[in-house]
Amino acid sequence: MWIIFTILYTFVLKFVLVVKDNIVMQITNAFRMIKLEKDPHAAFALIIDGKTLSYALEDDLKHEFLNLAVVCASVICCRVSPKQKALAVMASDFSIAQFRFLERLLVVHGHWCYKRIAQMICYFFYKNIAFGLTLFYFEALASFSGQSIYDDLYMLLFNVILTSLPVISLGVFEQDVSSEICLQFPALYQQGPKNLFFDWYRIFGWMGNGVYSSVMIFFLNLIIFFDQPFRSGGQTADMSAVGTTMFTCIVWAVNCQIALTMSHFTWIQHLLIWGSVVTWYLFLLGYGMMSPVYSKNAFQLLVEALAPAPMYWCATLLVTIACILPYLAHISFQRCLYPMDHHIIQEIKYLKKDVEDQHMWMRERSKTRHETKIGFTARIDAKIRQLKGRLTKKHSSLPPQVIMTPL
């Protein structure tokens, strides 16, 4: 009995070794095929069944298999076990039950997801630079004494409440075009692979916009309040009044900026954006009504000092307009002279040209269809290369011929 068991174990072990050697040989041949390919647009697909996948994911082969999978345009696993499917779903960013869902996942949600994430990150750069640099300017003006121009609670609430919810609304609800338009114009998806909204030019542009806003907020307020009567008795504004006015300008500027960034509005977005501005005034009112032990210099600041002063409201309006004016000029210039694909489609839908001029609508849709090297055209190119290889091999195998010419 032990002899039979030993023979079976030896046979199984040899079989596994042979299978692994075969897998290693196929991986090596695949790497060689990819390296020998001269077409820079060529795309390769890796197809593997479930039983082979179980061997390829073992410790001695998984790194080679992973390296091969990375250089392929797609990996198709067929006849895999439920456990392998569950492992793949858990390790993936997105999972779909049927291939018919793939078009909407890529063309619609892929486009939206890229735009939302890119705009969110750029906006984070903008609002934190616009807020943080005003603190730096005041520290430089105060000879780095450690004194802050804002109340501690102001700084605590800025990223937690006053500017967080509008960013969430941008990342969840933003749509530059509708899902139907994304399906009709699949070329819009190429804005993601081309990285049109998160390149260094756009990142530095948003950072520059933040620097400009911080300069306007800080220095324009200083110019407005410098040696000017603020209260009804002719007194000038103290540091708490100037700092609160600056913070009000920041809240208005960053929330108006994100409103201009959005292309699609729902009542939820309006509630979160303008509700954040209203929340600032409600907090300032409630905070000022607390005991001076807690509110300190902000005691009755809004009711007694800021609200009755026309200079406070005029400064808020003037500084906010000055902060968003460059962005308005930029998007107006871009839409008029160098519009992007989604700008053109937005104007077509807004002017209802798709209903009035069907021929123009079909022409614009036809422009979005480009030749690709993946899919059907890739198979055609592979067939042509195969036929060329056969013809070359056939000519090389023909015996040399001697041509006799008459003397």
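A: Start with exposure: buried means under 20% relative accessible area, exposed over 50%, and partly exposed in between, using a 1.4 Å probe and protein chains only. This is a predicted model, in which local features need pLDDT of at least 70 and side-chain atom pairs count only at pLDDT 80 or more, while totals for chains, interfaces and linings use all residues. Residues are numbered from 1 along each chain as its sequence is written, and side-chain values use heavy atoms, with hydrogens and water left out.

Q: What is the pLDDT of the protein chain on average?
A: pLDDT is the predictor's confidence in each residue, from 0 to 100. The chain averages 83, and 83% of the residues score at least 70. Over residues 398-407 pLDDT stays under 50, and the model has zero contacts beyond four places in sequence for them; a contact means heavy atoms within 4.5 Å.

Q: How many salt bridges does a search of the whole structure find?
A: Side chains of opposite charge can pair when their charged atoms come close. The rule asks for a side-chain nitrogen of Lys or Arg within 4 Å of a carboxyl oxygen of Asp or Glu. The search finds two salt bridges. One joins Asp59 and Lys62, at 3.4 Å from N to O. Asp59 counts as exposed because its relative accessibility is 60%, whereas Lys62, at 34%, is partly exposed.

Q: Which residue meets Lys115 in a salt bridge, and are the two buried or exposed?
A: The partner is Asp176, with an N to O distance of 2.7 Å. Asp176 sits in the loop between helix H7 (164-173) and helix H8 (179-184) and Lys115 in helix H5 (residues 102-141), so the pair ties together parts that are 61 residues apart in sequence. Both Asp176 and Lys115 are buried. Helices here are DSSP runs (H or I, at least four residues), and strands are E runs of at least two, numbered from the N terminus.

Q: Which side chain of opposite charge is nearest to Arg116?
A: For charge, Lys and Arg count as positive and Asp and Glu as negative; His and the chain ends are not counted. Arg116 lies in H5. Arg116 is buried yet has no salt bridge, and the nearest side chain of opposite charge is that of Glu174, 6.9 Å away. Leaving out residues up to four places away in sequence, Arg116 touches several residues, including Leu170, Phe173 and Glu174.

Q: How many disulfides does the count come to?
A: A disulfide is a covalent bond between the sulfur atoms of two cysteines. With the cut-off for the sulfur pair set within 2.5 Å, the count comes to zero disulfides. Cys249 is in none, and the nearest cysteine sulfur, that of Cys323, is 7.3 Å away. Cys249 is buried, with a relative accessible area of 0%.

Q: Which residues have the most contacts inside the largest nonpolar core?
A: In soluble globular proteins, nonpolar side chains tend to be buried together. A nonpolar core is a set of buried Ala, Val, Leu, Ile, Met, Phe, Trp, Tyr and Cys residues joined through side-chain atoms within 4.5 Å. The largest has 55 residues, and Tyr154, Phe230, Phe247 and Trp280 have the most contacts inside it. Helix H10 (239-261) is among the elements that give two or more residues to this core, and its share, eleven residues, is the largest. A second, separate core of 14 residues includes Leu46 and Phe65.
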